[in-house]
Amino acid sequence: MAARGVAIVGGGPAGCSAALHCSQLGIPVVLFESRDRYREKPCGDALVASAVALIQRFGLGQEELFSLGGRPFNEIRFGRVESAGAHRSSPHPGGWVVPRAALDQALRDVVSRTCEVRYSSAVAELFPNGSGVSVKVSQSDGMGEHFRAAIIASGAASRLSKSLGIDGAPTQGVAFRGYVEGVQHRNSLLVELTSNPTMEYRWEFPIDASANVGACLLGFSIGESKGTAVAGLKSLVAGFGITKFSGGVEPLWSGNGRRWHHASGIVSCGDCAGIVDPITGEGITAALMSGEMAAFAVASYMENRDIITLERFSMRIGETFSAKYTAQKDIVSSMLASLE
Ligand SMILES: Cc1cc2nc3c(=O)[nH]c(=O)nc-3n(C[C@H](O)[C@H](O)[C@H](O)COP(=O)(O)OP(=O)(O)OC[C@H]3O[C@@H](n4cnc5c(N)ncnc54)[C@H](O)[C@@H]3O)c2cc1C
């Protein structure tokens, strides 16, 4: 059977960005999404300005974000948990808080105009063959379906990228969130840090009369007790009366990753490539950016099957996100110094 265009595994922001840009480059795409439409995604729902700009490429502007139930913010207030009430406002270009289930579905709806999107299709195996990549959704798939290249964008559960050694060798963070009702709407996000030397904070991100409330510990090591970390985070937001928490591990940028490609024409992007901001836990910008970069890499690779194009992709991921997160560290350090 002749190999098809590109298989994209995962229909979150990274996979949708890869799909959008592949189809704009004229490459036929099949996007495999393990869940059904409108799946819930544990997230703070905050889109910083860089993410909002990248989402506009899907044709989703302010009006569309508003109709998805999103609300804009124009300020982030910072403080310490122990000195609740004493907050500083940090200069910020603003952004949006948009419920992820609605946002991700809107991204998939846009890409489904030009790509084949298959729901309830969890990719079980991805393996190189002589002329590209075979994709197996279930064990009964025989030899699987053949593609000329593949992009893995399967999120924090990075089994596929890990098995190929292209998960970016991340460090681990852990984050949880819930929703609370009856919040007085403000146009500002609230972030309160603990005194833990590892970055740990709780947030309150308002959307109309409700708010997304959660907490994260960035730099969590699996060697420590995950249970203790999770219990600590839940106690940080205990006062909000959240009845249902969702969350899990965040694969944070470690700086130790070297390869985000496999020689058979497979690249990784988004959380499964370990590129979440290690200082803030923000991952949507990186997912959208790296999805776009993956699309360009695969497009060049499919022209001449030259592995150098994939090696350049890995180099660019390394350089781009090292520079981005070094700059971010400086910004956050000066913000923290202003709280002392
Ligand atoms: C509690 C919490 C709060 C957060 N808050 C924020 C925030 O406020 N702002 C921010 O920018 N970032 C935040 N993040 C990080 C952000 O959610 C992620 O960085 C972002 O979702 C990454 O996008 P992605 O496309 O790489 O992965 P995902 O959004 O996880 O998408 C991966 C997709 O792949 C699918 N999939 C998985 N395995 C397979 C498979 N085998 N076959 C087919 N499909 C598969 C999944 O169903 C999913 O749809 C938060 C994370 C957590 C845990």
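Select Cys 272 to begin: this residue is buried, with a relative accessible area of 0% (buried means under 20% relative accessible area, exposed over 50% and partly exposed in between, with a 1.4 Å probe and protein chains only). The model is predicted, so local features need pLDDT of at least 70 and side-chain atom pairs count only at pLDDT 80 or more, while totals for chains, interfaces and linings use all residues. Residues are numbered from 1 along each chain as its sequence is written, and side-chain values use heavy atoms, with hydrogens and water left out.

**Stop 1: the cysteines**

A disulfide is a pair of cysteine sulfur atoms within 2.5 Å, and the structure holds zero disulfides. Next, select Cys 22, which is likewise in no disulfide; its nearest cysteine sulfur belongs to Cys 115, 7.7 Å away. Cys 22 counts as buried, at 0% relative accessibility.

**Stop 2: the ligand**

The shell has 36 residues, and the closest are Ala 14, Glu 33, Gly 44, Val 123 and Asp 271. Coloured by class, the shell divides into 16 nonpolar, eleven polar and nine charged residues. In this division, Ala, Val, Leu, Ile, Met, Phe, Trp, Tyr, Cys and Pro count as nonpolar, Asp, Glu, Lys and Arg as charged, and the others, Gly among them, as polar.

Which elements each supply at least two residues of this shell? They include helix 1 (13-24), strand 12 (171-180) and helix 7 (284-304). Helices (H or I, at least four residues) and strands (E, at least two) are DSSP runs, numbered from the N terminus.

- Asp 271: a side-chain N or O atom lies 2.7 Å from an oxygen atom of the ligand.
- Arg 39: the corresponding distance to a ligand oxygen is 3.1 Å.
- Lys 41: here the distance to a ligand oxygen is 3.3 Å.

The protein covers 92% of the 1000 Å² of accessible area that the ligand has on its own; accessible areas come from the Shrake-Rupley method with a 1.4 Å probe, and for residues only the protein chains shown count as cover.

**Stop 3**

Arg 39 lies in the loop between strand 2 and strand 3 and Asp 104 in helix 4, so that the pair links parts of the chain 65 residues apart. Both Arg 39 and Asp 104 are buried.

A salt bridge is a side-chain nitrogen of Lys or Arg within 4 Å of a carboxyl oxygen of Asp or Glu; by this rule the count is eleven.

Select Asp 109 and Arg 37 next, a salt bridge whose closest N and O atoms are 3.5 Å apart. Asp 109 belongs to helix 4 (residues 100-111), whereas Arg 37 is in the loop between strand 2 (29-32) and strand 3 (46-48), 72 residues apart. Asp 109 is partly exposed at 27% relative accessibility, and Arg 37 is partly exposed at 40%.

Then move to Arg 4 and Glu 116, which form a salt bridge with closest N and O atoms 3.2 Å apart. Arg 4 lies in strand 1 (residues 4-9) and Glu 116 in strand 8 (residues 116-118), so the pair ties together parts 112 residues apart in sequence. Arg 4 is partly exposed at 34% relative accessibility, as is Glu 116 at 33%.

**Stop 4: loop residues**

Return to the loop between strand 2 and strand 3 and select Tyr 38. Tyr 38 is not a glycine, yet its phi is positive, about 55°. Ala 169, in the loop between helix 5 (159-163) and strand 12, also has a positive phi, about 45°, without being a glycine. Ala 169 counts as partly exposed, at 37% relative accessibility.

Finish at Arg 186, in the loop between strand 12 and strand 13 (188-193). Arg 186 is partly exposed, at 26% relative accessibility.

Definitions and conventions
Near = heavy atom within 4 Å. Polar contact = N/O pair within 3.5 Å; in protein donor to acceptor, adjacent residues only side chain to side chain.
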